[in-house]
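Subject: Structure handed over, with findings

Dear colleague,

Please find below the structure that I am passing on to you.

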Amino acid sequence: MENLYSELKNKIESAENIIIFSHVSPDGDTLGSNLALSMMIEKYFNKKVDSVYAGFLPSLYSYLPNFDRFQDVQNIDKNKKYDLAIAVDVASKDRMVSGTFIFDEAKFKVNIDHHKTNIGYADINIIDGNAACVGVILYTIFKSWDLEIPKDVARCIYTSLLTDTGGFKYENTTPETFILASELVKLGVSPTFEFRACYETKPQSMVQFQAYIVSNTIFYNDGKIAFAKITRSDISKFNATDDYTEGIVETLRTSKNVEVAAILKETKEGFTKVSLRSKTLDLTPIVIDFGGGGHTFAAGCTIKKPIAIAFEKLLNRVQSELE
Ligand SMILES: [Mn+2]
């Protein structure tokens with residue numbers, strides 16, 4: 001890896017213009033990593049960097065330093081040829097959406113990632129499937145370049161680490177996670193401030209919306225199944241935006257007996273968007289039957305039925321799967 005780090009440094013030094021890509025529907029890791037790398041390149045290499053994302057940019061992360069530098073990839077000139085394009089936390093090229101073309105057209109391409117499924121689509125591929133987040137990899141790279149990490153950069157790396165480990169609790173949380181967290185706190189990061197900014201800034205109506213949905217949850221099979229419904233009238237009553245549903249299904253999963261939790265959301269007429277979580281049951285066969293996808297314990301699908309019918313169909317399927 002060391003030689004890849006110095007090759008990357010050489011490429012940055014010789015580049016005139018640089019673009020850094022975050023993945024579509026950006027999360028804390030891809031945004032924090034993008035900002036950290038952009039700021040380091042501008043500070044120490046004195047190069048112009050465009051920081052871009054695709055899809056909806058969550059304002060949740062606007063507490064990050066330099067957040068307003070992010071540009072929607074759709075506003076980037078497609079004819080501009082970059083000397084260097086770097087993708088951070090982008091598991092596959094198509095996750096840059098319309099940015100894929102700009103990435104491909106760049107003179108030199110770099111892929112920095114921690115997804116085990118990443119096939120290595122660039123000229124340099126710095127992939128560490130065991131890293132908790134891309135922020136960890138960047139920290140190692142900056143150290144190998146022998147550069148001091150300013151507090152603002154440390155804060156961005158901290159958000160990468162905090163969000164990708166689910167607040168230091170997912171299985172990717174290792175001794176190295178805490179060593180890095182310790183280093184970042186020594187650089188001036190306040191864990192209290194970052195936690196509050198990241199997790200305790202919901203709008204009041206979002207807290208009330210979530211409580212309302214949770215309180216109307218129906219439990220089945222001795223509490224092993226928890227199904228919550230979100231109708232279009234609930235959405236308009238609370239003026240809920242797309243992000244309002246985030247975290248509800250995880251709340252249902254916190255009930256001791258719950259094995260499978262689901263949120264069913266009425267989208268447009270006759271369509272129901274489903275988000276599923278489980279503790280031990282493999283959800284993939286269920287969602288595949290409904291045309292969806294995902295991971296073993298976290299998956300989703302859209303059922304082309306009105307919410308009441310979708311609810312019954314999915315419940316029957318989950319119940320038979322649990323028997
Ligand atoms: Mn990540």
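Predicted model: local features only at pLDDT ≥ 70, side-chain atom pairs only at ≥ 80, totals over all residues.

**Overall layout**

The domain assignment divides the chain into domain 1, residues 2-199, and domain 2, residues 204-322. Taken over C-alpha atoms, the centres of domain 1 and domain 2 are separated by 32 Å.

The largest nonpolar core contains 60 residues, and Phe21 and Ile157 are those with the most contacts inside it. Apart from this core lies another one, of 31 residues, which includes Val260, Ala261, Ile303 and Phe311.

**The parallel sheet**

Six strands make an open sheet, and their order across it is β3-β2-β1-β4-β5-β6, with parallel pairing. At the edges stand β3 (70-72) and β6 (124-127), each of which pairs on one side only. From one strand to the next, the twist averages 25°. Helix α2 (residues 28-44) packs on this sheet and touches β1, β2 (48-53) and β4. The direction of α2 makes about 175° with that of β2.

The pairings of β4 can be taken one by one. Strand β1 (residues 17-21) runs parallel to β4 and is joined to it by four bridges; here Ile18 stands opposite Leu84. Strand β5 (residues 108-113) also pairs with β4 in the parallel sense, over five bridges. In that pairing, Leu84 stands opposite Phe108. Together, β4, helix α3 (residues 99-105) and β5 make a right-handed β-α-β unit.

The contacts of Phe21, leaving aside its neighbours within four places in sequence, are Val52, Ala85, Ala87, Val88, Val90, Met96, Gly99 and Phe103. The other residue is Leu37, which has its place in helix α2. Leu37 has 28 other C-beta atoms within 10 Å, and a residue counts as buried at 20 or more, so Leu37 is buried. Not counting residues up to four places away in sequence, Leu37 touches Ile20, Ile86, Val88 and Leu138. From Leu37 to Thr100 there are 63 residues in sequence and 19 Å in space, C-alpha to C-alpha.

**Antiparallel strands**

Which strand pairs with β10 over seven bridges? Strand β9 (residues 260-266) does so, in the antiparallel sense. Within this pairing, Thr272 of β10 is the bridge partner of Glu266. The hairpin of β9 and β10 has five residues between the strands, and Gly270 in this hairpin takes a positive phi near 80°.

Strand β10 is also joined to β12 (residues 298-303) by six bridges, and these two strands run antiparallel. Here Ile303 of β12 is the bridge partner of Thr272. Six of the seven residues of β10 (residues 272-278) are buried, so β10 is largely enclosed by the rest of the structure.

**Two residues with positive phi**

Finally, two residues other than glycine deserve a look. Ser25 lies in the loop between β1 and α2, and its phi is positive, near 45°.

Is Asn239 buried or exposed? Asn239 has 11 other C-beta atoms within 10 Å, and 12 or fewer count as exposed, so Asn239 is exposed. This residue is found in the loop between α9 (232-237) and α10 (248-253). The phi of Asn239 is positive, about 55°, although Asn239 is not a glycine.

With kind regards

How values were computed
Residues numbered from 1 in each chain as written. Core = buried A, V, L, I, M, F, W, Y, C linked by C-beta atoms within 7 Å. Contact = placed C-beta atoms within 7 Å. Domains from an automatic or database assignment. Pairing = 2+ DSSP bridges. Right-handed = clockwise from strand over helix to strand, strands pointing away. Axes fitted to C-alpha atoms, helices over the stretch in contact; angles between N-to-C directions.
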